[in-house]
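Visitor: Hi, I'd like to talk through this model with you. Could you put it up first?
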Amino acid sequence: MLRAAALAVAGVCLAGSAAASVEVKVKTTSYSISGKNGKALLRAMNRKGPRYGFTTRFWAPTAYTAAWRFDWQKRSGACRIADAWAVVTITYTYPEVSHPMSADLRHRWNRFMAGVRRHEETHGRMGRAMVAAAERQLKGLSYRNDPGCRKTRAEAQRRIASTYAIYEARQVEFDRAEHAKGGNVDRLMSLLSRAHQTD
């Protein structure tokens, strides 16, 4: 229910020389839920959380996009990536209760959301690390006899995809541990659902 979407390549562009860095842009959006108690709020998140695919919904998805740019150097028929950098956009989506809550329910909701944000921000840090690792794989990549940079461009795409796959597996493993019985997500659900049913 808490999950990060796979990091996608938003664009691979030709560029002139520029200082390289991974620029990170963070966006936060929300969706409205209501419920008289903790269990009702959990049901509302299951019903109204953003979709991932056609059927699955998530309480607080973290989505990533990355737009890559390369500093290409062409010389004597060879093509080389002198530098590579990316603009990464991380979008967090969180539930927001649309009505006043009792003191007890508000306290539990705040603790619940603190845990949710820690979980999602871990996904965000892993996304940043993913792009930084891909960047290291790209710098200095070169092919001889590649005047149109087709070979170099294809290899760059392959390295990006390979690095993303490694880090996406780490994201999945992190979620698996968090969602395991007795894990962090289980504890957060228990914390919220124990809120007084008369709230």
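**The largest pocket and the fold**

Guide: Happy to! Helix H2 gives the largest share of the lining of the largest pocket, five residues. Note that this is a predicted model, where local features need pLDDT of at least 70, side-chain atom pairs count only at pLDDT 80 or more, and totals for chains, interfaces and linings use all residues. Residues are numbered from 1 along each chain as its sequence is written, and side-chain values use heavy atoms, leaving out hydrogens and water.

Visitor: Which elements each supply at least two residues of that lining?

Guide: Strand E2 (22-33), strand E6 (78-97) and helix H2 (103-138). Helices (H or I, at least four residues) and strands (E, at least two) are DSSP runs, numbered from the N terminus.

Visitor: And which residues line the largest pocket?

Guide: Among them are Thr-28, Ser-30, Tyr-94, Glu-96, Arg-106, Trp-109 and Arg-117. The lining divides into five nonpolar, four polar and three charged residues. Here Ala, Val, Leu, Ile, Met, Phe, Trp, Tyr, Cys and Pro count as nonpolar, Asp, Glu, Lys and Arg as charged, and the others, Gly among them, as polar.

Visitor: Switching topic, how many helices and strands are there in the chain?

Guide: Four helices and seven strands. From the N terminus on, the order is β-β-α-β-β-β-β-α-β-α-α.

Visitor: What share of the residues is buried?

Guide: Of the 199 residues in the protein chain, 44% are buried, meaning under 20% relative accessible area (1.4 Å probe, protein chains only).

Visitor: What about contacts with a separation of 6 or more?

Guide: Residues 24 or more positions apart account for 78% of those, with contact meaning heavy atoms within 4.5 Å.

Terms used
1 Å grid on protein atoms, 1.4 Å probe; cavity = no way out; pocket = protein on both sides within 12 Å on 5 of 7 lines; lining within 4 Å. Buried < 20%, exposed > 50% of the residue type's maximum accessible area, 1.4 Å probe, protein only.
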